Amino acid sequence: MVRSRALLAKPWLWSFLGAFAVWLATIAFTGGRGGGGMLSAALALAQFTVIVGIGQMFVITLGPGNVDLSLPANIGLASAVAMKVMGGSDSMIVAGLLAALACGTAIGAANYALIRALRIPPIIATLSASFIIQSADISYGRGLQIKPPPGFADFTNLQLFGIPILAILTAAISVVAAIALHRMAFGRSVLAIGQNSRAAWLAGTPVERTRALTYTLSGALGGIDGALLAGYFRGANVDIGNEYLLASLAVVVIGGTSVAGGRANVPGLWGAALFLVLLLTMLNTFGVSAGVRLLVTGLVIVAVIAVAGDQGAHR
Amino acid sequence: MHTELAVAAARESAHRATARARLIRAWLPTLSLALVLGAIAWLNPRAISYFGFGLMLNLAVPIVLATIAQLFVISGNELDLSIGSFVSFVGCVTATWLHETPWLGVAALLGAVCVYAAIGALIYVRNLPSIVVTLGMSFVWQGLAVLMLPKPGGKAPQWLQSISAFAMPWVPLPIVAAAAIAAIVHLGLMRTSYGAILRGSGGNPAALARAGWSLLKTKMVLFALAGLFGVLSGMSLISITTSADANIGSGYTLLAIAGVILGGGEFIGGRVSPIGAVVGALTMALAASPLLTFMNIPPDWQVAANGAILIVVLAARALVSRRED
């Protein structure tokens with residue numbers, strides 16, 4: 001009883017259990033074939049969600065109403081910028097990555113500027129920004145040959161003992177994020193603001209500077225994600241980031257971060273991202289149609305949130 | 001004695017300044033619509049005519065209805081990110097079942113409204129974030145739409161087509177319809193006692209609960225109303241396009257939120273304005289109108305026009321509100 005209550009207190013554990021269960025169901029269906037390959041493919045896809053999930057997690061932890069809706073547009077534009085700067089040449093890979101990082105950082109900073117200057121809810125600020133970013137992307141990406149340099153495409157698909165190299169890098173980023181969250185002034189400030197922003201302000205926490213940093217961080221991670229996605233899928237396009245709005249929000253919530261703010265969890269992001277990717281893999285293995293896939297994904301997300309749900313959120 | 005008078009006078013003038021700021025704030029949506037219309041008239045005077053408005057506002061009615069759906073959800077401090085794919089789903093039902101086997105179509109649409117009410121209940125009972133739940137539901141509606149209509153097609157029922165094809169004398173139909181919708185929702189939500197309760201569930205839920213009203217019921221009613229207006233939005237959309245596809249309403253989620261906010265709604269506190277929201281939706285519909293193409297605004301930047309209008313109006317509101325404080 002005590003143990004089960006301790007388990008319930010760590011809702012992110014469920015995400016790993018869920019991922020494991022889905023994986024078992026799939027290899028039971030295939031008769032045990034391809035379990036390992038499935039895992040490394042799932043890791044490769046899951047880490048894209050984890051990168052933006054980290055940014056979204058910090059933003060959501062700031063408290064009710066904080067959310068970054070501009071991530072899909074941000075990813076789209078950054079992927080185009082990265083591919084254009086790289087221009088298909090291996091020597092420009094680093095420059096392209098830096099350009100995507102700069103693009104994402106600028107978008108994040110612009111989001112915060114809108115929130116601060118117009119005193120509007122972040123939802124609307126990031127939404128308005130995403131309209132403009134999307135247009136910029138459509139206009140900028142038109143008629144471009146947006147293919148990654150071969151070296152970059154190979155790098156993003158590289159595996160080390162069956163583990164995608166990008167997943168290893170993202171794991172490193174996750175460790176840094178977890179340390180920043182729990183051990184550094186920045187993360188502690190984010191948590192404090194999410195728990196009670198007025199109390200945090202009275203205690204001398206630099207509230208506005210922390211919020212600015214958080215939105216900029218989310219933007220920067222979106223930018224990096226865009227560049228990596230374009231490499232992995234061998235090309236940039238306007239819709240490349242579309243699925244990452246639901247995905248980033250879902251992994252944050254399923255992963256045990258409180259939507260009411262003030263409580264965050266990094267390992268849960270991995271469990272939830274793996275769960276979502278493996279769920280899609282399972283549905284693909286079962287050979288269901290696109291409609292059923294969407295339907296089941298939506299129902300499972302709603303069901304998981306309803307079960308993991310009630311975190312004592314005060315909306 | 002003199003100081004008391006001076007204080008009273010100062011209070012009076014402060015009061016008047018606040019009232020003026022409130023007035024400007026209330027008229028901001030209309031002002032922004034007038035500005036957009038002015039810009040259109042300046043760029044292309046011929047657009048300001050019966051025919052021009054008919055063209056520009058062709059798709060305004062479904063956008064207005066989707067905006068009203070979103071308005072109900074926002075009244076209760078929630079947000080519906082699934083309204084766009086819900087409109088797609090309704091569109092697919094309208095163009096298939098409602099056309100071929102009407103009773104099945106009606107049952108499906110009524111069932112969909114019940115699902116909306118159930119989502120409201122789930123969000124309240126389990127204390128869930130509406131953003132994530134409705135984002136998940138958007139996949140459900142999208143999936144159902146794809147299942148019903150894997151390829152674009154279907155056909156709108158004849159009676160539905162004839163409604164939207166009706167030519168009003170003097171004033172184009174979309175304008176009349178928008179005015180009627182604004183009036184009905186304004187009366188229902190702003191002038192009836194239960195409307196006040198519904199808004200109160202967003203303004204001060206604790207007080208409302210203490211006064212003995214069921215917050216579960218208000219949440220379910222608000223979501224059911226959102227579902228109802230989502231159904232009307234999807235049906236009116238199909239009456240204009242006459243056929244459907246599974247992504248037909250995908251842009252409506254963002255347009256609807258933008259319309260409510262443009263119209264003076266706020267996310268917190270149940271502060272909404274149905275008339276403002278309709279005006280906001282019309283502004284968005286105009287800004288997204290294909291007519292922009294003739295005005296040297298490249299199609300690539302039309303989405304940006306929506307974002308820019310939103311930012312400019314909110315900036316203006318922030319200026320006014322600062323004076324109101």
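1. Let's start where the two chains meet: 37 residues of chain B are in contact with 40 residues of chain A. Here, two residues are in contact if their C-beta atoms, placed from the backbone, lie within 7 Å. On the chain B side, the elements giving two or more residues are α7 (130-148), α13 and α15 (302-324). The largest share of that side, 13 residues, comes from α7(B). By type, the chain B side divides into 28 nonpolar, seven polar and two charged residues. The sorting goes like this: Ala, Val, Leu, Ile, Met, Phe, Trp, Tyr, Cys and Pro count as nonpolar, Asp, Glu, Lys and Arg as charged, and the others, Gly among them, as polar.

2. A word on what you are looking at. This is a predicted model, in which local features need pLDDT of at least 70 and side-chain atom pairs count only at pLDDT 80 or more, while totals for chains, interfaces and linings use all residues. Residues are numbered from 1 along each chain as its sequence is written, and chains are lettered from A and ligands numbered from 1 in the order in which they are written.

3. Now chain B as a whole. Its secondary structure comes to 15 helices and zero strands; helices (H or I, at least four residues) and strands (E, at least two) are DSSP runs, numbered from the N terminus. The radius of gyration of chain B is 21 Å, close to the 20 Å that the globule rule gives for 325 residues, so chain B is as compact as a globular protein of that length. That radius is taken over C-alpha atoms, and the globule rule is 2.2 Å times the number of residues to the power 0.38. Along the principal axes, the C-alpha atoms of chain B fill a box of roughly 80 × 55 × 35 Å. Of its 325 residues, 51% count as buried. Buried means that 20 or more other C-beta atoms lie within 10 Å of the residue's own; 12 or fewer is exposed, and in between is partly exposed, with C-beta atoms placed from the backbone.

4. Chain A next. There are 14 helices and two strands in chain A. Its radius of gyration is 19 Å, close to the 20 Å from the globule rule for 315 residues, so chain A is as compact as a globular protein of that length. The C-alpha trace of chain A spans about 55 × 55 × 35 Å along its principal axes, and 55% of the 315 residues count as buried. Among the contacts in chain A with a separation of 6 or more, 78% are between residues 24 or more positions apart.

5. Which residues of α13(B) are buried? The list runs B:Y252, B:T253, B:L254, B:L255, B:A256, B:I257, B:A258, B:G259, B:V260, B:I261 and B:L262. That is eleven of the eleven residues in this helix, which spans 252-262. Just after α13(B), B:G264 takes a positive phi of about 100 degrees.

6. Back in chain A, look at a pair of helices. Helix α4 (residues 71-86) and helix α12 (residues 244-254) of chain A pack at an angle of about 125 degrees, with their axes 8 Å apart. Axes are lines fitted to C-alpha atoms, for helices over the stretch in contact, and angles run from 0 to 180 degrees between N-to-C directions. That angle makes α4(A) oblique to α12(A); under 35 degrees counts as roughly parallel, over 145 as roughly antiparallel, 65 to 115 as roughly perpendicular and the rest as oblique. In this pairing, A:L71, A:P72 and A:I75 of α4(A) meet A:Y244, A:L245 and A:S248 of α12(A). The residues of this contact divide into five nonpolar, one polar and no charged.

7. A:S70 sits in the loop between α3 and α4 of chain A. Buried or exposed? A:S70 is buried, with 32 other C-beta atoms within 10 Å. Beyond its neighbours within four places in sequence, A:S70 is in contact with A:I107, A:N111, A:T126, A:A129, A:S130 and A:I133.

8. Most residues other than glycine have a negative phi. A:R234, in the loop between α11 (207-232) and α12 of chain A, has a positive phi near 55 degrees. B:T242, in the loop between α12 (215-241) and α13 of chain B, has a positive phi of about 65 degrees.
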